[in-house]
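Dear colleague,

Please find below the sequence and the structure for your work. I would be grateful if you would read my notes alongside them.

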Amino acid sequence: MDSTIYQFIALDLPPLLAALFSAIACAILGSYLVLRRQSLLGDAISHSVLPGIVVAFLVTGSRSTIPIFIGAAVAGICSAFLIEVVRKFGNVDESAAMGVIFSTFFALGILTMEQAAARNVDLDPDCLLHGQLETIFWYPPNDWATFFSWSTLGSVPAEVYASAIAAFLVIGFVVVLWKELLISSFDPALCHALGFRSDLIHHTLMVLLACAVVASFKTVGSILVIALLVCPAATARLCTDRLGVHLILSVVFACVACSTGYITAAFGPQWLGYEQSVNVAGMIAVMSGVLLGGAACFAPRYGIVARRRTGRR
Amino acid sequence: MLTSLIAVIFSLITTVAAPLAASAETPLRVVTTTGMITDTVREIAGDRVSLTGLMGAGVDPHLFKATRSDIAHLSSADIVFYNGLLLEGKLIDALGRMKSAGKAVHPLGEQIERSALRELDGFPGQFDPHIWMDPQAWEKIVPVIAQALAATDPTGASSYHSTAIQYQEKLRELDRYALRVLSSVPPESRVLITAHDAFGYFGRRYGYTVRGIQGLSTESEAGVNDIERLVDEIVSRSIKAVFVESTVPSRSITALIEGAQARGHSVTIGGQLFSDAMGANGTYEGTYLGMIDHNVTTIARSLGGNAPADGMSGKLAGAH
């Protein structure tokens with residue numbers, strides 16, 4: 001196998017796949033969040049996982065992935081439910097409820113860490129929970145004859161499988177509950193009148209979101225998860241008013257941002273003569289922002305140019 | 001459309017990947033993480049190997065994130081040396097994966113004898129990674145490096161072992177100098193107050209009480225109580241100086257100084273110490289010997305001991 005192709009398959013293909021699968025999961029869930037005006041929930045969950053990590057470490061005394069993941073996911077789910085409780089019984093709007101819960105959870109995490117652990121132990125969520133795209137490489141067989149075999153498939157990094165599972169779960173969820181999600185997102189009252197449990201659908205969405213977000217943290221890191229939840233969905237929102245098209249567009253935008261961002265970050269600096277690559281997750285987030293900017297200007301109906309032309313403001 | 005796009009991407013990658021591609025003629029490729037390890041390997045291997053250090057001056061190894069080019073360096077290396085003991089927090093998974101793929105990956109801190117390490121209070125089995133702060137402990141990684149180099153490059157074995165012995169002698173000389181000047185500080189003043197807990201090994205070796213304002217993790221903030229306790233200690237033991245670190249912000253140190261001043265005791269900033277990274281490349285402080293020399297000399301002079309302003313061998317630049 002040619003060494004360039006081998007290097008591409010070993011170092012670049014797994015992070016690209018992991019990023020693309022995470023992007024698909026995040027873009028679909030993000031679309032519903034943007035439509036339900038809960039865009040910041042991903043950020044809220046990313047702060048809320050801290051107490052879960054600390055407690056998981058204290059209970060098991062280890063830094064291994066599975067207890068940390070479970071702790072983080074439980075804390076994330078709890079925070080999603082509590083946000084709902086505060087919104088309902090505190091009579092405040094969603095963003096205020098998120099602000100209250102995620103800052104409380106984060107503070108709780110800091111306090112537990114201070115009291116119990118960090119005096120002596122380096123317990124950094126950035127190291128424990130947040131993965132990094134660049135480090136998802138593998139050592140596949142070095143010739144095509146043995147490349148296509150089951151053992152190769154088994155040596156694919158776990159992060160790629162984790163993000164693929166998250167993507168398929170999310171797609172399955174949306175396909176099965178398409179109608180229910182549609183009604184409960186746009187008209188909860190109608191949904192209730194028709195006899196669907198809109199609160200149940202909402203809670204399922206929240207649990208799925210917490211799991212997908214925490215799984216993506218381990219794979220692609222926290223910056224990228226938050227960027228991918230909000231940016232592609234917001235970009236799609238500027239381009240269409242139809243839910244189906246919205247979901248497809250947001251997935252397309254997320255995938256474009258991932259591929260262009262990865263290539264620019266990994267190889268761009270070398271084309272300009274610099275030796276060091278730059279952070280891939282950061283560059284993908286920048287690309288998502290660029291796409292959003294482009295849509296804000298040139299989207300067919302809601303873009304600045306189109307609005308000027310039709311005389312609307 | 002898609003195929004032409006893939007073709008373009010591939011040709012662009014080829015231009016980048018070509019210099020990294022392997023060839024049989026090149027010398028042993030060694031990749032290291034922290035500057036301290038890079039410098040030590042350079043002392044032992046000299047020009048026999050092509051050496052790449054990933055972390056430059058002022059980089060916090062706890063927070064270091066590898067980029068695509070760092071990973072390419074690591075994956076094309078013949079030998080990788082890193083500190084281990086969870087110092088390179090964000091690289092551990094990647095390095096572990098390389099190790100299980102059969103690459104020569106050496107966590108130096110985990111390959112020296114356990115008795116040289118400092119176990120963390122209350123967390124058995126977890127060790128303080130900041131080994132380089134004690135030259136006597138650091139010396140133990142030298143034969144490990146020489147052994148690993150010799151195993152991969154047997155023709156250079158005798159050269160590696162003889163330079164290793166020479167370098168060990170230099171480290172012992174540094175340790176003797178440190179013992180001498182640090183014990184010239186009056187015993188009641190042997191307290192080292194810094195921003196975070198990087199100096200545990202230093203304190204153990206030279207009999208200093210070490211107080212970090214933050215914990216081991218740079219994530220946690222100093223609490224009001226901690227500052228209060230430290231101010232008490234500064235005033236009651238009339239400590240002359242506290243220290244700032246090159247990789248940690250100095251805000252909480254300033255709070256200490258103001259707190260002591262409010263109680264009528266004047267304490268100064270004794271100087272900047274190198275904790276998790278060395279000085280600039282190409283300077284004396286940018287070598288391991290220079291870094292420790294700087295720290296030891298600065299600490300001894302600020303706390304009331306006797307040490308030459310230009311350090312152990314007259315090479316320190318920024319001495320006062």
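**Confidence**

The structure is a predicted model, and it scores ipTM 0.80 and pTM 0.82. Chain A has a mean pLDDT of 86, with 95% of its residues at 70 or more. Within chain A, helix H13 (residues 243–271) has the highest confidence, at a mean of 94, and helix H5 (residues 125–128) the lowest, at 65. For chain B the mean pLDDT is 85, and 86% of the residues reach 70 or more. The pLDDT falls below 50 over residues 15–24 of chain B, a stretch that makes nine contacts in the model beyond near neighbours in sequence.

**Chain B in outline**

Chain B contains 12 helices and eight strands. Of its 320 residues, 48% are buried. Among the contacts in chain B with a separation of 6 or more, 65% join residues 24 or more positions apart.

**Helices H1 and H13 of chain A**

Helix H1 (residues 3–35) of chain A packs with H13(A): the two axes come within 8 Å and cross at roughly 150 degrees. An angle over 145 degrees counts as roughly antiparallel, and H1(A) and H13(A) are therefore roughly antiparallel to each other. The crossing of H1(A) past H13(A) is right-handed. The residues of this contact comprise 16 nonpolar, five polar and one charged. On the side of H1(A) they include A:Asp12, A:Pro15, A:Leu16, A:Leu20, A:Ile24 and A:Ile28. On the side of H13(A) they include A:His246, A:Leu247, A:Val251, A:Cys255, A:Cys258 and A:Tyr262.

**Helices H8 and H11 of chain A**

A second pair is formed by H8 (residues 158–176) and H11 (residues 198–220) of chain A. Their axes lie 9 Å apart, at an angle of about 160 degrees. H8(A) and H11(A) are therefore also roughly antiparallel to each other. Here H8(A) passes H11(A) in a left-handed crossing. From H8(A) the contact takes in A:Glu159, A:Ala162, A:Ser163, A:Ala166, A:Leu169, A:Val170 and A:Phe173. From H11(A) the partners are A:Leu208, A:Ala212, A:Ala215, A:Ser216, A:Lys218 and A:Thr219. By class, the residues of the contact of H8(A) with H11(A) are eight nonpolar, three polar and two charged.

A:Phe173 lies in H8(A) and is partly exposed, because 17 C-beta neighbours fall inside 10 Å. A:Phe173 and A:Leu208 are 35 residues apart in sequence, yet their C-alpha atoms are 8.8 Å apart.

Which residues of H3(B) are buried? They are B:Arg68, B:Ser69, B:Asp70, B:Ile71, B:Ala72 and B:Leu74. The cover over these buried residues comes from both chains: it includes H1, H13 and helix H14 (280–298) of chain A, together with strand S1 (28–32), S3 and H4 of chain B.

B:Ser69 is placed in helix H3 (residues 68–76) of chain B, and B:Ser69 counts as buried because it has 21 C-beta neighbours inside 10 Å. Leaving aside residues up to four places away in sequence, B:Ser69 touches A:Glu275, A:Gln276 and A:Ser277. Within its own chain, B:Ser69 is 15 residues from B:Leu54 in sequence, with 9.8 Å between the two C-alpha atoms.

**Two loop residues with positive phi**

Most residues other than glycine have a negative phi. Two residues of chain B may be set against that background. B:Leu85, in the loop between strand S3 (79–82) and helix H4 (92–100) of chain B, has a positive phi near 55 degrees. B:Ser238, in the loop between helix H10 (224–236) and strand S7 (241–245) of chain B, has a positive phi near 40 degrees.

Are these residues buried or exposed? B:Leu85 is buried, because 20 other C-beta atoms lie within 10 Å. B:Ser238 is exposed, because it has 12 other C-beta atoms within 10 Å.

With kind regards

Methods. Residues are numbered from 1 along each chain as its sequence is written. Chains are lettered from A and ligands numbered from 1 in the order in which they are written. This is a predicted model: local features need pLDDT of at least 70, side-chain atom pairs count only at pLDDT 80 or more; totals for chains, interfaces and linings use all residues. pLDDT is the predictor's confidence in each residue, from 0 to 100. Helices (H or I, at least four residues) and strands (E, at least two) are DSSP runs, numbered from the N terminus. Two residues are in contact if their C-beta atoms, placed from the backbone, lie within 7 Å. Axes are lines fitted to C-alpha atoms, for helices over the stretch in contact, and angles run from 0 to 180 degrees between N-to-C directions. Angles under 35 degrees count as roughly parallel, over 145 as roughly antiparallel, 65 to 115 as roughly perpendicular and the rest as oblique. A crossing is left-handed if the near helix is turned anticlockwise from the far one by less than a right angle, and right-handed if clockwise. Ala, Val, Leu, Ile, Met, Phe, Trp, Tyr, Cys and Pro count as nonpolar, Asp, Glu, Lys and Arg as charged, and the others, Gly among them, as polar.
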